[in-house]
Amino acid sequence: MKRLERWKMKKLNKIFILLALLSFVSCGTAPSASSSDSEKPEGSSDKVSDQTETVPENADGSEKQPESASDSVATSAETTEAGEVKEEKNPNYEGGKYIGPAAADFEEGLRAYSDGGCEKAVKFWQTAFSKDQRNAQIAFNTAVCFERMKNRDEAAAWYEKAYLADNSFTKPLYNLALLYMPGQIKEKEGYLTQLAEKNSDVVEKYNFIAWLNLQLGRNDEAEKYAKMVLKEDEQNSEAVISLATSYFNKKMYELAESALETAEKWDPENFRLQRLYGFLLYRTGDSKGATTHLMKSVKANPDQPEVR
């Protein structure tokens, strides 16, 4: 009986890994991006709440949802006579809550979204953004709603507005790129790169360009930009994932495993890292190790479609 149970478990594990690998291949070569289901953004994985997230999780495979504009407190730097940098909080926020000129319309939009969905909410958020055009979350919510309503042109326009309102908030840029996948991504490459160049944070900028090159099948370029990120931030998990993906695509499996093994030490809960690690080990014949890492990935994020 025990022998039969062990055989069944091995069979289930093989089926689990095979389905995961097939999904991975069908999603393209980047582990941090999927179709616009990000869900991620990536990849977005934001829900209507009192917290905002500024990572490009539309690439994570979870459903895109509008988000709250609270807890997105922008600051401006001011230098004292002693040379110390003092941060000045954005007056549109109080204790992490948005109280700016568009607050009433924004809250009405959240209520409308909860009651009737996007068609009602988007009207309030468009009005809200006209009153506060520096609030990227309001524009982002509007874009997500237009995408859910299958209006791709309006969604693209509003993702761009969101990114230009605050280019440190990169999630709209990833969502915009995902809108153009797969058919238009090559055509839109120059436009997306120009938008990325507006970001003064070289880590965020080069991470996006590395990811974009993976979508275009340019593994050498992706590797180059990922390494540029790691020169600035040697423990940047997104760059390691891009680097390891480029190695994986080029069948340089030992280098891919070395990169993932190192990154796992400082970021063991990163589900994209664990997912790629699982795919890599399966490809190299270690089905037991593959199952272990894929299970870790599912535990960290049960909502990803690639491993369900």
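Q: By relative accessibility, what does E107 count as?
A: At 26% relative accessibility, E107 counts as partly exposed; buried means under 20% relative accessible area, exposed over 50%, and partly exposed in between, with a 1.4 Å probe and protein chains only. The model is predicted: local features need pLDDT of at least 70 and side-chain atom pairs pLDDT 80 or more, while totals for chains, interfaces and linings use all residues. Residues are numbered from 1 along each chain as its sequence is written, and side-chain values use heavy atoms, leaving out hydrogens and water.

Q: With which residue does E107 form a salt bridge?
A: Side chains of opposite charge can pair when their charged atoms come close. The criterion is a side-chain nitrogen of Lys or Arg within 4 Å of a carboxyl oxygen of Asp or Glu. The partner of E107 is K97, with the closest N and O atoms 3.8 Å apart. This pair links distant parts of the chain, 10 residues apart: K97 is in strand β4 (residues 97-98) and E107 in helix α2 (residues 103-116). Helices (H or I, at least four residues) and strands (E, at least two) are DSSP runs, numbered from the N terminus. K97 is partly exposed, at 45%.

Q: Where do E108 and R111 lie?
A: An α-helix has 3.6 residues a turn, so residues three or four places apart point the same way. E108 and R111 are both in helix α2, 3 residues apart, about one turn. Their side chains meet in a salt bridge of 2.7 Å, N to O.

Q: Which residues are joined with K227 into one network?
A: K227 and E223 meet in a salt bridge of 2.8 Å, N to O. They are 4 residues apart in helix α9 (residues 219-232), about one helical turn. K227 is partly exposed at 36%, whereas E223 counts as buried at 14%. Salt bridges that share partners join D220, E223, K227 and K250 into one network. The structure holds 11 salt bridges.

Q: Which residues of α11 are buried?
A: In α11 (residues 253-266), the buried residues are Y253, A256, A259, L260, A263 and E264. They lie on the same side of α11 because they cover an arc of only 135° around the axis, taken from the directions from the helix axis to the C-beta atoms. The face turned away from that side carries the exposed residues E254 and K265. The buried residues pack against α10 (237-249), α12 (271-283) and α13 (287-300).

Note on methods:
The expected span of a helix is 1.5 Å times one less than its number of residues. Contact means heavy atoms within 4.5 Å.
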